[in-house]
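These are my notebook entries on one protein model. I set down what I looked up, in the order in which I looked.

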Amino acid sequence: MSPLHFLAPLGAVLIWSGNMTINQLTVGAIAPSSIAFLRWVLALAVLTPFLAPSAWKHRATIRREWPKLAVLGLLGMGLWQGLAYMAAETTSATNMGILAAMVPLLTVLLSALILREPPSLGGVAGGVLALVGVSVLLGRGNPLSLLELTVAKGDALMLVAATCYALYGVMLKRWPIDLPPWVLLFGQVIFAVLFLLPPYLLGPMTPVDSSNVGLILYAGIPASIVTTFLWMLAIRRIGASQASIFINLMPLFSAIIAMLTLGERIALFHFLGGALILAGVIMAQTLTRPLRRPPVAAQGGTDRSC
């Protein structure tokens with residue numbers, strides 16, 4: 001496999017990591033409800049001229065599958081991104097990057113529950129290890145502080161956001177919708193805009209100006225459209241399993257970008273919690289042997305008569 005094939009997932013994860021810093025920069029510059037809505041309005045405006053004709057050709061399928069498209073748009077774009085902007089107000093870009101790395105592991109766990117995929121050794125052991133890492137991170141190095149309910153609101157919101165995105169991936173697999181990938185994305189974006197419109201109208205509606213237009217442009221085009229193209233390209237070239245491993249780089253990229261642009265300091269509990277989470281995620285993705293072996297089929301013919 002050519003090393004060039006890894007540029008697509010690497011680029012997508014790098015842009016996503018940069019978006020964690022963008023989330024921080026939005027604090028005080030634009031309300032979470034405003035940027036969550038405006039970024040997808042911008043993405044929709046860019047995509048519509050190219051995808052509207054194809055969407056019209058598939059209108060029968062879209063009409064039939066619209067409830068599924070609505071749920072996917074709510075989970076993967078509305079809640080995942082909207083909660084992340086809210087989380088940025090009370091947590092750091094470093095923490096957000098570490099917690100976002102939980103998505104592959106949460107996907108494994110939710111797949112076992114929803115898709116009835118048998119749990120693997122790595123899924124169980126990695127889940128326990130990652131849970132310890134999350135408790136270290138959320139407890140700021142003291143997991144026992146969780147018993148005192150001292151978890152930062154932003155960390156809890158980011159964990160919920162990661163769960164929503166993991167659920168999005170699971171439901172996307174459970175609901176095979178007969179639409180081209182870009183049309184499938186286009187349909188989800190439309191519903192995301194509809195879901196995000198009420199919070200935007202309820203305000204506060206931050207006006208677009210020189211202090212936040214760059215944030216909206218980054219979130220709406222590179223972090224929404226470019227990453228989607230790169231991720232689809234990555235899955236086509238190296239497969240979904242191998243591509244998802246690159247998400248493990250988000251904590252590293254997010255921390256480096258946050259240090260360079262925001263001046264965030266990295267503490268020992270960041271390294272410890274992040275290392276435990278990443279180790280758990282890697283275990284879940286690599287140790288795929290089922291905990292229980294399937295029953296051996298009974299042999300027929302002369303073996304039964306022995």
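**Entry 1**

I began with valine 46, which counts as partly exposed at 30% relative accessibility; buried means under 20% relative accessible area, exposed over 50%, and partly exposed in between, with a 1.4 Å probe and protein chains only. The model is predicted, so I note that local features need pLDDT of at least 70, that side-chain atom pairs count only at pLDDT 80 or more, and that totals for chains, interfaces and linings use all residues. Residues are numbered from 1 along each chain as its sequence is written, and side-chain values use heavy atoms, with hydrogens and water left out.

Valine 46 lies in helix H2; helices (H or I, at least four residues) and strands (E, at least two) are DSSP runs numbered from the N terminus. I then looked up the nonpolar surface patch, about 560 Å², that Val46 forms with Phe50, Val208, Val213, Leu217, Ile221 and Val226. Patch residues have over 30% relative accessible area and no salt bridge; like charges are joined within 9 Å, and nonpolar side chains (Val, Leu, Ile, Met, Phe, Trp, Tyr) within 5 Å. H2 and helix H9 (213–220) are the elements that give two or more residues to this patch.

**Entry 1: Other positions in H2**

I turned to serine 33, also placed in helix H2, which covers residues 32–57. Serine 33 counts as buried, at 18% relative accessibility. What does serine 33 touch, not counting residues up to four places away in sequence? I found Pro199, Tyr200, Gly203 and Pro204, where contact means heavy atoms within 4.5 Å.

Alanine 36 is found in H2 and is buried, with a relative accessible area of 4%. Leaving aside neighbours within four places in sequence, I list Gly82, Tyr85 and Leu196 as the contacts of alanine 36. I also recorded 8.7 Å between the C-alpha atoms of alanine 36 and methionine 77, which are 41 residues apart along the chain.

**Entry 2: The bend in H3**

Helix H3 (residues 59–87) has 29 residues, yet its end C-alpha atoms are only 37 Å apart, short of the 42 Å that a straight helix would reach at 1.5 Å a residue. The expected span is 1.5 Å times one less than the number of residues. I located a bend of about 70° at glutamate 65, with proline 67 following within four residues; the bend is the angle between axes fitted to the seven residues ending there and the seven starting there.

How many salt bridges does the structure hold? I count two, a salt bridge being a side-chain nitrogen of Lys or Arg within 4 Å of a carboxyl oxygen of Asp or Glu. Side chains of opposite charge can pair when their charged atoms come close.

Glutamate 65 meets arginine 64 at 3.9 Å, N to O. Glutamate 65 also pairs with lysine 68, the closest N and O atoms being 3.5 Å apart. Lysine 68 and glutamate 65 both lie in H3, three residues apart, about one turn of the helix. Shared partners join Arg64, Glu65 and Lys68 into one network. Glutamate 65 is buried at 12% relative accessibility, arginine 64 is exposed at 54%, and lysine 68 is partly exposed at 28%.

**Entry 3: The whole chain**

Of its 306 residues, 48% count as buried.

How values were computed. Accessible areas come from the Shrake-Rupley method with a 1.4 Å probe; for residues, only the protein chains shown count as cover.
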